[in-house]
Amino acid sequence: MTLAGKTLLMSGGSRGIGLAIALRAARDGANIAMLAKTDTPDPRLDGTIHTAADAIRRAGGQALAVVGDVRDDTSIADAVAQTVATFGGIDIVVNNASVISLARTLELEPKRFDLMQDVNMRGTFMLSRAAIPHLKEADNAHILSLSPPINLDPKWLGAHTGYTLAKYGMSMATLGMAAEFARDGIAANTLWPRTTIKTAAVGNILGGEALLAKSRTPEIYADAAYEVLTRPARAYTGQSLIVEDVLIAAGVTDFAQYSPGVDEKDLFPDIFL
């Protein structure tokens, strides 16, 4: 199974992991609709939704750039409507958009807490919810959320409580939908890496160039997402998946390709694993 002719609706996707997933799907000839805010260049960030769309087209896919905010219900409804009008339906939802703050409870400002909940948890729930009527009509429907397995170890619950709530909320919403819509043939899974990934968030928020040097490229996430999204939906759902485990199961043995020049033992472990 490939993603040729399939239509993906993604939150975010202007850069980083989301764009890598979109480009991997585009190589099959998929249609990718992106709901993202970055309409004009930002000196702190690479790319816009429009440069991402251009890259998708160069890779062999079709692209639809919907400028909007996943926190806004009107933007979500517009993204779904435009996607269906342009491509005829929706086969896959990728909940990629996410906000991160590792601030401790007393240092976490209420506005930042609300932002994380609105983008991460609520955005995942509402974008998936809006697309589900169309996913029910798809041949191999998938919801994929880029969120971690739910680990109740106190070291994670207490490390960054606000962020943990937001990311676990994404996972809970996804696993709940897996159970609720299993009879409709809609797969819903989460996917998370074993190491940090080279993204703007890692560079700007978590650890700068030093941590980027100890991280894997977004392509590892994209290759794992591709493996998940091409599986039979009715048989592959309700799972909290780890990127590396998915690729190993698919026969990948060379992980050095995702971190050239870096010794595997020097890679930085992900904050949730």
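**Exercise 1. Describe the open sheet: which order do its strands have, and which strands lie at its edges?**

Solution. The seven strands of the open sheet follow the order β3-β2-β1-β4-β5-β6-β7, with parallel pairing. Strands here are DSSP runs of E with at least two residues, helices are runs of H or I with at least four residues, and both are numbered from the N terminus; two strands pair if DSSP finds at least two bridges between them. The edge strands are β3 (62–67) and β7 (240–242), since each pairs on one side only. Neighbouring strands are turned by 20° against each other on average, direction ignored, where axes are lines fitted to C-alpha atoms, for helices over the stretch in contact, and angles between N-to-C directions run from 0 to 180 degrees.

This is a predicted model, in which local features need pLDDT of at least 70 and side-chain atom pairs count only at pLDDT 80 or more, while totals for chains, interfaces and linings use all residues. Residues are numbered from 1 along each chain as its sequence is written, and side-chain values use heavy atoms, with hydrogens and water left out.

**Exercise 2. Find how β1 and β2 pair, and which strands helix α1 touches.**

Solution. Begin with the strands: β1 (residues 7–11) and β2 (residues 31–36) run in the parallel sense and share five bridges, and L8 has I32 in β2 as its bridge partner. Next, helix α1 (residues 16–26) packs on the sheet and touches β1 and β2, its direction making about 175° with that of β1; contact means heavy atoms within 4.5 Å. Helix α2 (residues 49–59) also packs on the sheet, touching β2 and β3, and its direction makes about 170° with that of β3.

**Exercise 3. Explain why the pair of W156 and F272 counts as tilted, and which parts of the chain the pair ties together.**

Solution. A search of the whole structure gives five aromatic pairs. Rings of Phe, Tyr and Trp (its six-membered ring) pair if their centres lie within 6.5 Å, and planes under 30 degrees apart count as stacked, over 60 as edge-to-face and the rest as tilted. The centres of W156 and F272 are 6.2 Å apart and their planes stand at 50°, so this pair is tilted. Because W156 lies in helix α5 (residues 154–157) and F272 in the segment after α9 (243–249), the pair ties together parts that are 116 residues apart in sequence. W156 counts as buried at 12% relative accessibility, and F272 is buried at 0%; buried means under 20% relative accessible area, exposed over 50%, and partly exposed in between (1.4 Å probe, protein chains only).
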